[in-house]
Amino acid sequence: MDARDAARLLKGVRAAALAGDRPPAAPRPEIAESWRRMMAGGVHPDRDTRSRMLSAAETEERRQVSPLRELLPVLREGLLPELDESLHIMVVADADGRLLWREGHSSILRKADRLGFAVGADWDEAVVGTNGVGTSLVTRRPVQVFSAEHFVSSHHDWTCAGAPVHDPRDGQLLGVVDVSGPLATMHPATLAWVSSVARLAERELRVRHLESLERLRTVAAPLLARLPGRAVAVDPHGWTAAVTGLVPADRVQLPKALGPGRLWIPQLGDCVAEPLPGGWLLRLEERSAAAAVSRVVLDLSRPRSWSATVYGAAGSWSQELSPRHAELLFLLAETPRGRTAAELAQELFGDPTRTVTVRAELSRVRRHLAGVLSHRPYRFAEDVEVELIRPQHPAGLLPHSTAPAVVRARLGLGGPWGAPGASGGVVP
């Protein structure tokens with residue numbers, strides 16, 4: 001049976017399912033389940049309903065915070081070389097079904113535009129019906145949707161194959177990679193092809209995870225060597241990097257609201273948690289524990305290298321800061337009372353609505369500096385002494401930055417330039 005004959009049969013199957021009649025052939029189980037969801041949810045089978053497109057700025061914010069961004073080279077290498085010849089396009093969507101990236105044959109991209117299959121569009125199953133992106137997100141399995149297997153009739157001239165991408169550290173669904181094209185381009189091997197590339201992407205995440213564990217081990221090993229008791233260093237997902245005095249376990253089940261201080265962990269018992277760059281130090285409590293973090297030194301004195309050094313009960317460690325994280329910590333050090341996400345967005349971008357990016361970046365910072373930072377509002381913890389080391393001259397402060405608040409500080413408009421101290425000034 002060729003593609004057009006198969007499409008005609010599927011249209012009859014779909015029509016019978018909508019009418020409650022006996023179909024000429026049974027739809028595939030995953031398609032039948034999706035159709036039932038569509039009918040129960042009130043999706044119109046012949047009306048192409050679309051939700052609001054994301055603006056360019058909203059799309060870019062989602063791109064910046066999506067873990068899939070780092071996997072684009074793997075996805076492109078695995079899919080793009082064949083797309084022009086096969087008249088397909090590659091689409092990458094986040095876990096909400098929003099299309100964030102789209103590449104492939106130019107003529108197919110134009111056809112996709114007419115269908116609303118464009119960057120920023122919402123292809124959640126509940127919005128546009130059965131499709132390779134939305135249905136794969138619901139089932140969390142690879143799905144191929146051919147012609148009239150799409151619940152909405154305007155999609156019947158298309159075929160698509162989508163595979164979910166999961167974070168191997170915790171199983172979190174990150175999004176979907178999908179290959180789509182006109183009806184005539186359908187090939188039964190497409191789904192296996194897309195699925196194998198999605199698995200390669202997950203393998204890349206796994207390799208990066210192992211590399212991050214090795215970095216954490218490098219930081220933790222000297223601390224563990226100085227501790228007299230039992231302790232374990234784990235990443236934010238509980239994967240073990242190093243231990244002392246314990247039989248190592250691959251992973252420790254961490255509480256969802258993990259923070260510095262005393263806590264009870266089923267596998268370990270009573271512990272004291274202290275933040276490390278990229279993870280946590282968990283010390284089994286066998287005696288009274290001192291405060292986890294007492295002091296942090298934020299060094300912004302150099303033009304292209306910034307760091308935060310944290311002092312705690314188990315010693316000290318330093319974290320190199322990205323340009324964005326250096327900006328954020330500078331703003332928080334300048335305002336002991338703290339700032340809301342909207343206030344930080346205004347100070348960073350001149351736009352108080354860009355809170356998604358701010359919250360995502362602060363979430364990353366707090367993974368490394370938990371115990372140092374608090375939230376609601378965002379600020380340095382009250383019991384942590386903060387030292388801010390500025391450059392010798394105002395113009396040397398974060399010279400890359402275009403953040404309005406940093407620009408004002410460089411111009412000397414943000415108040416007096418530091419108090420006497422190392423490298424031009426220390427602000428307690």
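A search of the whole structure finds 2 aromatic pairs; rings of Phe, Tyr and Trp (its six-membered ring) pair if their centres lie within 6.5 Å, with planes under 30 degrees apart counted as stacked, over 60 as edge-to-face and the rest as tilted. This is a predicted model: local features need pLDDT of at least 70, side-chain atom pairs count only at pLDDT 80 or more, and totals for chains, interfaces and linings use all residues. Residues are numbered from 1 along each chain as its sequence is written, and side-chain values use heavy atoms, without hydrogens and water.

**Rings and charges**

- Phe-117 and Trp-123 pair edge-to-face, at 4.6 Å centre to centre and 70° between the planes.
- Phe-117 is buried, with a relative accessible area of 4%; buried means under 20%, exposed over 50%, partly exposed in between (1.4 Å probe, protein chains only).
- Trp-123 is buried, with a relative accessible area of 4%.
- Ring pairs join Phe-117, Trp-123 and Trp-158 in a cluster.
- Arg-206 places its charged end over the ring of Trp-239, 5.5 Å from the centre; the criterion is NZ of Lys or CZ of Arg within 6 Å of the ring centre and within 35 degrees of the ring normal.
- The charged end of Arg-354 sits over the ring of Phe-349, 4.0 Å from its centre.

**Sheet 2-1-5-4-3**

- In this open sheet, 5 strands pair antiparallel in the order 2-1-5-4-3; pairing needs at least two DSSP bridges between two strands, and helices (H or I, at least four residues) and strands (E, at least two) are DSSP runs numbered from the N terminus.
- Strand 2 (99-104) and strand 3 (143-146) are the edge strands, each pairing on one side only.
- Neighbouring strands are turned by 15° against each other on average, direction ignored; axes are lines fitted to C-alpha atoms, for helices over the stretch in contact, and angles run from 0 to 180 degrees between N-to-C directions.
- Strand 1 (residues 89-94) is joined to strand 2 by 5 bridges, and Val-91 stands opposite Arg-102 in strand 2.
- Helix 8 packs on this sheet, touching strand 3, strand 4 (158-166) and strand 5; contact means heavy atoms within 4.5 Å.

**Sheet 7-6-10-9-8**

- Here 5 strands form an open, antiparallel sheet in the order 7-6-10-9-8.
- Strand 7 (240-244) and strand 8 (261-265) each have a single partner strand, so one side of each is left without a neighbour in the sheet.
- Neighbouring strands of this sheet are turned by 30° against each other on average, direction ignored.
- Helix 8 (residues 190-226) packs on the sheet, and its direction makes about 15° with that of strand 7.
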